[in-house]
Amino acid sequence: MPKITPMMQQYLDIKDGCRDAILFYRMGDFYEMFYDDARVASRILGITLTSRERNKEDGVPMCGVPYHSASGYISRLIHCGKKVAVCEQGSVSRGAKGLVPREVVRIITPGLVVGDGHLDNDRPNYLLAVCRQGLKGLFGLAFIDISTGDFRVTQVENHEEFSGELGRIAPSEVIASEKGLVPDGLFTTMVDRIAGADDAAQVLTSHFNILGVEGLGLKGRIPALKAAAMILVYIRDTQKGVLPHLTGLRYYNPGQ
């Protein structure tokens with residue numbers, strides 16, 4: 001078993017928290033990738049796969065991209081259906097010795113792309129959350145374009161109406177807490193279920209700094225309320241804080 005250096009142990013610890021994403025691990029002027037991340041990224045991006053210990057048979061596979069041009073590489077990975085976790089170096093005092101602190105500052109997915117370098121400017125880039133109440137019951141939908149702050153919520157009465165709204169919205173990514181709910185062919189991320197209506201309301205009232213959800217049009221609309229909370233929690237967790245320009249949402253009735 002080869003000895004693991006402190007830096008590689010740090011990498012492995014950080015990677016353990018984002019196993020489903022390709023980790024862009026900042027090292028000086030480059031983002032480095034290791035192990036399976038390096039194998040996958042080198043194949044998609046057409047960059048050289050090398051090793052940290054080139055003369056050893058059990059050397060760690062690695063590849064890297066310059067940080068100043070990382071946006072284009074990330075865009076290509078996203079368009080191939082991959083998630084990217086961006087890990088940056090922390091600041092250190094002059095003369096300090098030892099390992100440089102690092103942490104994941106955001107996770108980029110198809111529905112969480114911000115910046116003209118990643119987006120098709122001809123159409124919105126929607127992240128959508130869906131929550132179902134009962135096996136054949138109501139569907140709550142919430143969707144956001146985080147590049148513009150456009151945040152809308154609705155509720156439909158059956159699977160047919162849900163499919164119709166899904167096709168109309170055409171999200172880049174769907175988040176759900178129930179397997180089998182989202183049709184094949186859509187980029188889907190599974191998340192934890194919002195425990196109850198009170199928890200969902202707390203997420204929304206805290207974020208918008210309001211006393212209740214009545215003014216949002218969500219009173220009595222539990223699936224829609226939960227979907228709206230799901231999407232805010234997902235953005236908060238992946239972007240390390242909800243984007244400040246998400247200042248309101250609009251409830252609409254399907255077909256209007």
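Residues are numbered from 1 along each chain as its sequence is written. In this predicted model, local features need pLDDT of at least 70 and side-chain atom pairs count only at pLDDT 80 or more, while totals for chains, interfaces and linings use all residues; side-chain values use heavy atoms, without hydrogens and water.

**Exercise 1.** Determine the strand order of the open sheet of 6 strands and which strands are its edges.

*Solution.* 
1. The order is S3-S4-S2-S1-S5-S6, with mixed pairing; strands are DSSP runs of E, at least two residues, and helices are runs of H or I, at least four, numbered from the N terminus.
2. S3 (50–51) and S6 are the edge strands, each pairing on one side only; pairing requires at least two DSSP bridges between two strands.
3. S1 (residues 22–27) and S2 (residues 30–34) run antiparallel and are joined by 3 bridges. Within this part of the sheet, arginine 26 has tyrosine 31 in S2 as its bridge partner.
4. Helix H1 (residues 6–16) packs on the sheet and touches S1, S2, S5 (84–89) and S6, contact being heavy atoms within 4.5 Å.

**Exercise 2.** Identify which element gives the most to the lining of the largest pocket.

*Solution.* 
1. The lining of the largest pocket comprises 21 residues, and Ile107, Val191, Tyr234, Asp237 and Thr238 lie nearest the centre. On a 1 Å grid over the protein atoms alone, a pocket is an open set of points where a 1.4 Å probe fits, with protein on both sides within 12 Å along at least five of seven lines; lining residues have an atom within 4 Å of a point.
2. S6 (102–108), S11 (188–190) and H6 (222–239) each supply at least two lining residues.
3. H6 gives the most, with 6 residues.

Key: Axes fitted to C-alpha atoms, helices over the stretch in contact; angles between N-to-C directions.
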